[in-house]
Amino acid sequence: MNFFNQIDFDYLLILSTAYLFVSASVARYGSMREVGGRKTLLISLFLTPVSGLIYVLGSQPKDTLKITHYRCPECGLEYTDGHLHCPSCKKEGKKIRLIKFSMRTY
Ligand SMILES: [Zn+2]
């Protein structure tokens with residue numbers, strides 16, 4: 001009986017080691033992506049490495065920069081910093097709310 005228990009334990013140990021190894025590999029791949037390695041590692045550990053891999057593949061590569069712009073619908077000016085109202089229109093006494101939009105550059 002003890003003999004079989006020992007085999008079970010070894011098998012479990014090998015399986016969990018392999019599981020950790022695969023998770024770490026997926027996490028290393030994830031660190032090159034926008035999702036980041038730590039988040040990928042957690043997903044891989046708790047929701048299997050397959051889920052982690054799908055998550056990584058669905059994310060953007062890290063070298064793409066997400067830039068947020070703010071455009072004024074009144075004068076058409078664009079701003080990169082977050083004004084609530086258009087500073088240009090504000091000078092003319094108009095309160096125009098800026099529209100936020102983001103784009104990606106490589
Ligand atoms: Zn404006």
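Residues are numbered from 1 along each chain as its sequence is written, and side-chain values use heavy atoms, with hydrogens and water left out. Because the model is predicted, local features require a pLDDT of at least 70 and side-chain atom pairs count only at pLDDT 80 or more, whereas totals for chains, interfaces and linings use all residues.

The domain assignment (bounds taken from an automatic or database assignment) divides the chain into domain 1 (2–57) and domain 2 (65–105), and the C-alpha centres of domain 1 and domain 2 are 44 Å apart. With residues up to four places away in sequence set aside, Cys72 is in contact (heavy atoms within 4.5 Å) with Leu77, Cys86, Cys89, Ile96 and Leu98.

Helices are DSSP runs of H or I with at least four residues, numbered from the N terminus, and Arg33 occupies the loop between helix 1 (2–30) and helix 2 (37–46). Arg33 is buried, with a relative accessible area of 15%; here buried denotes under 20% relative accessible area, exposed over 50%, and partly exposed in between, for a 1.4 Å probe and protein chains only. A polar atom of the Arg33 side chain lies 2.8 Å from the backbone oxygen of Ser59, and, apart from neighbours within four places in sequence, Arg33 touches Val56, Leu57, Ser59, Gln60, Pro61 and Lys62.

Within helix 2, the residues Gly37, Thr40, Ile43 and Ser44 are buried. Viewed down the axis of helix 2, the buried residues fall within an arc of 130 degrees (taken over the directions from the helix axis to the C-beta atoms), so they line one face of the helix. The exposed residues Arg38 and Phe46 are carried on the face of helix 2 turned away from its buried side. Thr48, which follows helix 2, has a positive phi, near 65 degrees.

Ser44, itself placed in helix 2, is buried with a relative accessible area of 0%. A polar atom of the Ser44 side chain lies 2.8 Å from the backbone oxygen of Thr40, and, not counting residues up to four places away in sequence, Ser44 is in contact with Tyr19, Ser23, Val26, Pro49 and Gly52.

Terms used: Helix = DSSP H or I, 4+ residues; strand = E, 2+ residues; numbered from the N terminus. Polar contact = N/O pair within 3.5 Å; in protein donor to acceptor, adjacent residues only side chain to side chain.
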